[in-house]
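Biologist: I would like to learn how to read a structure slowly, one feature at a time. Could we take the general idea of each feature before its case here?

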Amino acid sequence: MAYIRNIEHEKVLPLAEEVSVQPGQIVSKTLAQNKAVSVTLFAFSKGEEISTHDSEGDAMVHVLSGSGRFTVGGKAHICKAGDVLVMPAKIPHAVYAEVDFKWILTVVFPLDKESRQ
């Protein structure tokens with residue numbers, strides 16, 4: 001059983017090439033998903049966005065190419081290739097592509113119910 005899927009194992013890969021920007025779309029590729037963690041690759045076409053929402057877990061973004069605007073708790077952060085930003089659990093956040101960009105999202109969820117409150 002593979003815990004990481006949709007990507008070749010035991011091979012060095014240029015991660016940004018695992019998803020392609022499609023005009024007018026958001027493309028996503030799930031690499032891992034379970035109760036503890038979610039790992040997803042994204043490719044955003046310029047002008048695409050995910051509206052304000054929150055998450056039960058801490059969400060870390062790592063921009064692979066281009067740049068995007070991540071608004072966390074009402075504060076905008078411009079992240080470019082190589083940048084990492086942690087969006088804390090339960091804090092509203094949104095994503096907007098000012099240009100085409102690719103990024104990876106890792107969300108770490110609390111395992112016990114009490115820490116989710």
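Modeller: Let us begin with exposure: a residue is called buried under 20% relative accessible area, exposed over 50%, and partly exposed in between, using a 1.4 Å probe and protein chains only. By that scale E98 is partly exposed, because its relative accessible area is 33%. Please keep in mind that this is a predicted model, in which local features need pLDDT of at least 70 and side-chain atom pairs count only at pLDDT 80 or more, while totals for chains, interfaces and linings use all residues. Residues are numbered from 1 along each chain as its sequence is written, and side-chain values use heavy atoms, with hydrogens and water left out.

Biologist: How many salt bridges does the structure hold?

Modeller: A salt bridge is a side-chain nitrogen of Lys or Arg within 4 Å of a carboxyl oxygen of Asp or Glu, and the structure holds four of them. One of them joins the side chains of E98 and R69, at 2.9 Å from N to O. E98 lies in the loop between β8 (93-96) and β9, whereas R69 belongs to strand β5 (residues 67-72), so this pair ties together parts that are 29 residues apart in sequence. R69 is partly exposed, with a relative accessible area of 28%. Another salt bridge is formed by K80 and D83, whose closest N and O atoms are 3.5 Å apart, and D83 is partly exposed at 23%. The side chains of E8 and K11 also meet in a salt bridge, at 3.6 Å from N to O, and K11 counts as partly exposed at 48% relative accessibility.

Biologist: You mentioned strand β5; in which order do the strands of its sheet stand?

Modeller: Strands are DSSP runs (E, at least two residues), numbered from the N terminus, and two strands pair if DSSP finds at least two bridges between them. Four strands form an open sheet with antiparallel pairing, in the order β3-β8-β5-β6. At the edges stand β3 (49-53) and β6 (75-80), each with a single partner strand, so one side of each is left without a neighbour in the sheet. Between β5 and β6, which run antiparallel, there are six bridges, and R69 stands opposite I78 in β6.

Biologist: Which strands form the open sheet of five?

Modeller: The order in that sheet is β1-β2-β9-β4-β7, and the pairing is antiparallel. Its edge strands, β1 (26-33) and β7 (84-87), each pair on one side only. Further in, strand β2 (residues 37-44) and strand β9 (residues 101-108) pair in the antiparallel sense over eight bridges, and A43 has K102 in β9 as its bridge partner.

Biologist: Which residues have the most contacts inside the largest nonpolar core?

Modeller: A nonpolar core is a set of buried Ala, Val, Leu, Ile, Met, Phe, Trp, Tyr and Cys residues joined through side-chain atoms within 4.5 Å. The largest one here has 17 residues, and those with the most contacts inside it are F70, M87, F101, W103 and L105. The elements that give two or more residues to this core are β2, β4 (58-65), β5, β7 and β9, and β9 gives the most, with four residues.

Biologist: Is Y3 buried or exposed?

Modeller: Y3, which lies in the segment before β1, counts as exposed at 61% relative accessibility.
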